[in-house]
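Dear colleague,

I am handing over the structure below, and would be glad if you kept it open while reading the notes that follow.

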Amino acid sequence: MNILLIGGTGSLMNQMIIKLRKEGHRVYLLTGEQFGTSSYAKVFERYDFSYDNSSLNEIFESVSPDVTLFLGAYDSNFSWQEKERDSVQYISSLMNLLTAYASVRQGRFVYLSSEEVYRGNYEEDITEDVTACGEGFRGMALVQAEYLCNNFREIQELDIVVLRLDHLYGIPKDRSQLDGLCGSMCVKALEQGYLLANPNITHSLLYESDAVEFIYQFMNNRETGYSLYHISSSTPVTELQIGKILCRMIGNNTELVEANELGEYRKVLSNQRFISEFGAAVCHPPEDGIQRVASYILKHKEAFIQEEEKKRFGGRLIHRFGWFFKACVPFIENMACFIPFFMLNNRTVDSRYFSRLDFYLLYVLLFAVVYGQHQAIFSAVLAVCGYLFRQMYTRSGFEVMLDYTTYVWMAQLFILGLVVGYMRDQIRAIRTEGAEVQKNLGRQLRDIKDINSSNVRVKDVLERQVIDQKDSIGKLYSITSTLDQYTPEEVLFYAVEILSKILRSPDVAIYTVYNSDYARLFSSSSDVARKLGNSIRYPEMGELYECLKERKVYINRQMDERYPLMANAIYDKEEMNMIVMVWGIPWERMTLGQANLLVVISYLIQNAMLRASRYMAALEEQRYVEDTQILEPEAFSALVTAYQKAKRKNLTVCTLLQIQTESEDYEQIGKVLMKNLRQTDYLGTMRDGKMYVLLANTLRNEADIVISRFAGAGIQSRIVERIEE
């Protein structure tokens with residue numbers, strides 16, 4: 001199998017790599033760090049990319065993993081020292097990884113969690129059915145991460161499984177890896193000479209090697225019955241029992257002290273579900289694992305007890321002024337090297353062969369080349385002092401000071417040292433600048449590669465559009481142009497059908513806006529598309545309204561069930577006329593390209609609507625009874641026919657009422673009726689001489705309310721199924 005491991009360096013990661021390689025699997029590694037400075041066990045291919053890198057999709061596509069394992073709670077890339085910041089970074093990193101995995105939709109994604117998702121005391125072993133409630137930022141972040149995995153699994157229908165490890169511990173290599181209970185207790189016992197342990201605190205310890213075997217056993221099975229499993233030894237052990245084993249291993253009269261300040265605290269995960277399905281067994285019981293940890297720490301005390309130096313005065317002094325000592329090292333080295341050069345100069349002053357060899361000049365040049373200007377000046381000062389001291393062997397200090405050759409020699413010494421030191425500093429600055437430029441160019445090259453990869457994907461999409469003609473502009477126009485063959489009353493009904501066909505979504509709705517607060521449902525393609533109701537107050541819809549107000553396409557990336565997955569507003573100049581809502585779109589198609597497609601279709605529909613509106617405006621005088629809002633028989637009949645056809649195709653719901661009155665004063669009756677109707681309802685007469693009301697987006701049971709309202713105004717009405725000509 002192709003296995004993609006994701007996480008920072010550490011014992012758990014290296015053991016997983018070694019185990020998978022031994023079993024003959026091809027192992028790929030995503031380190032989560034950009035510069036790749038950490039060491040790992042050998043893998044087939046290693047990717048040094050951060051979790052927020054835009055190339056994660058390409059990595060998943062390139063690897064095509066059968067199983068992806070993310071260390072999650074045990075990822076060493078997250079130190080959790082700044083818990084608030086790390087919790088946000090942790091969730092965003094997991095989100096990016098799941099999104100990249102969802103884009104490929106291949107294999108299984110395994111996320112490792114821990115027992116920290118639970119808090120408090122549990123008298124019985126904790127099963128997978130117990131609701132998680134983490135404590136602190138880290139615990140809450142792990143709970144949110146599990147919730148995120150579950151959402152992706154259910155909504156995207158992906159194979160994502162969470163494995164909770166119960167109190168994982170292993171052999172730490174140094175003090176920085178002391179994240180397990182056993183190692184921390186052992187180091188405290190060595191530092192303090194005694195060990196404080198509480199007999200009322202009970203855990204279940206899982207040795208690292210056992211965890212690797214459990215995880216591999218799970219990864220090696222194609223079918224799983226659940227999306228959540230506990231991996232635990234299920235062997236309860238108290239802190240007091242751990243302390244007894246550690247004190248016995250350490251010896252040296254280490255005292256074990258019982259602490260009973262806290263009440264009963266028991267947290268043991270049940271692994272019955274995992275054992276019954278996969279049949280794995282624990283190879284290292286708690287006593288064996290604790291002894292292994294204690295034995296290693298005792299053999300490498302210097303790697304764990306070094307912090308003790310800081311408790312002494314000398315250690316505190318070094319810790320505070322260590323930077324000063326480091327800065328003094330070059331000067332101390334300079335003075336140490338001055339002594340042999342001083343001795344060599346004294347030996348060669350009277351030599352026949354080496355008298356003209358200036359050792360002080362060589363000494364200054366050496367430190368100018370190695371350390372630069374500052375050390376060149378210091379070495380020149382030492383050389384001058386040595387020279388003056390040697391001259392005073394045969395002359396007085398006054399004579400030496402009056403000799404101009406002394407000043408000439410000093411001048412050439414300082415000039416040469418400063419020039420060479422300056423050149424060395426400049427060369428170093430040029431090299432540093434060159435390294436930074438190379439680093440920046442490397443980042444730009446990676447960005448160019450990312451952009452090129454994106455361009456290649458866009459090119460492939462455009463090629464597919466040209467080949468299959470499903471989403472080409474010509475195809476879109478040919479589909480939307482069919483709206484021209486419908487009557488003005490039918491345009492919006494069949495616009496829903498066209499949207500559903502082009503966007504490949506069964507759930508589309510169109511709302512018409514009548515004022516700045518409310519929008520009424522005009523037509524829809526399914527019950528799901530009608531879930532918001534017949535009337536919505538769209539300014540209260542938060543992010544959706546903000547996007548529509550800015551004339552942007554709303555994309556529901558948070559998968560909020562209250563709102564559609566995509567929405568777009570159609571404007572007439574500065575006024576919002578309609579809102580198009582799309583519900584049934586897969587996650588992988590909620591892209592910028594799909595949003596642009598929705599905008600193009602909306603404009604084409606708007607053009608068809610504009611032609612229909614102009615046609616209706618031109619026939620305004622012929623459609624209505626003069627000085628009333630009552631439709632003439634021909635216009636009203638066409639409108640009712642359009643609604644009934646759309647109703648049979650499940651594009652809308654409507655109810656037709658017949659007004660039962662003997663009066664022929666339709667104008668007066670119309671005024672009364674219009675006061676009790678909505679803006680979306682229609683009033684008209686038919687060739688049979690009777691008056692009718694068309695209630696748009698109204699079911700039969702909802703029409704009873706309108707009938708009662710009419711009755712209160714003294715007008716009787718009844719529901720009719722069809723027009724009686």
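Met423 counts as partly exposed in this predicted model, because its relative accessibility is 48%, and that value falls between the limits of 20% for buried and 50% for exposed. The residue lies in helix 14, which covers residues 404–468. Together with Ile415, Val419, Tyr422 and Ile427, Met423 forms a nonpolar patch on the surface, and the accessible area of these residues together is about 490 Å².

The largest nonpolar core has 118 residues, and the members that touch the most other members are Leu5, Tyr111 and Leu112. Helix 16, residues 491–503, contributes the largest share of this core, with 8 residues. There is also a second, separate core of 24 residues, which includes Cys186, Leu195, Leu205 and Tyr207.

The side chain of Ser50 makes a polar contact of 2.5 Å with the side chain of Asp52. Apart from neighbours within four places in sequence, the residues in contact with Ser50 are Gly32, Glu33, Gln34 and Leu56.

Finally, there are two residues whose backbone angles I would ask you to check. Trp80, which is not a glycine, has a positive phi near 60°, and it lies in the loop between strand 4 (67–70) and helix 3 (83–104). Arg504, also a residue other than glycine, has a positive phi of about 55°, and its place is in the loop between helix 16 and strand 15 (508–513). Is each of these buried or partly exposed? Trp80 counts as buried, because its relative accessibility is 7%, whereas Arg504 counts as partly exposed, because its relative accessibility is 40%.

With best wishes

Terms used
Residues are numbered from 1 along each chain as its sequence is written. This is a predicted model: local features need pLDDT of at least 70, side-chain atom pairs count only at pLDDT 80 or more; totals for chains, interfaces and linings use all residues. Side-chain values use heavy atoms; hydrogens and water are left out. Patches are made of residues with over 30% relative accessible area and no salt bridge: like charges are joined within 9 Å, nonpolar side chains (Val, Leu, Ile, Met, Phe, Trp, Tyr) within 5 Å. Accessible areas come from the Shrake-Rupley method with a 1.4 Å probe; for residues, only the protein chains shown count as cover. A salt bridge is a side-chain nitrogen of Lys or Arg within 4 Å of a carboxyl oxygen of Asp or Glu. Helices (H or I, at least four residues) and strands (E, at least two) are DSSP runs, numbered from the N terminus. Buried means under 20% relative accessible area, exposed over 50%, partly exposed in between (1.4 Å probe, protein chains only). A polar contact is a pair of N or O atoms within 3.5 Å; within protein, one must be able to donate a hydrogen and the other to accept it, and residues adjacent in sequence count only if both atoms are side-chain atoms. Contact means heavy atoms within 4.5 Å. A nonpolar core is a set of buried Ala, Val, Leu, Ile, Met, Phe, Trp, Tyr and Cys residues joined through side-chain atoms within 4.5 Å.
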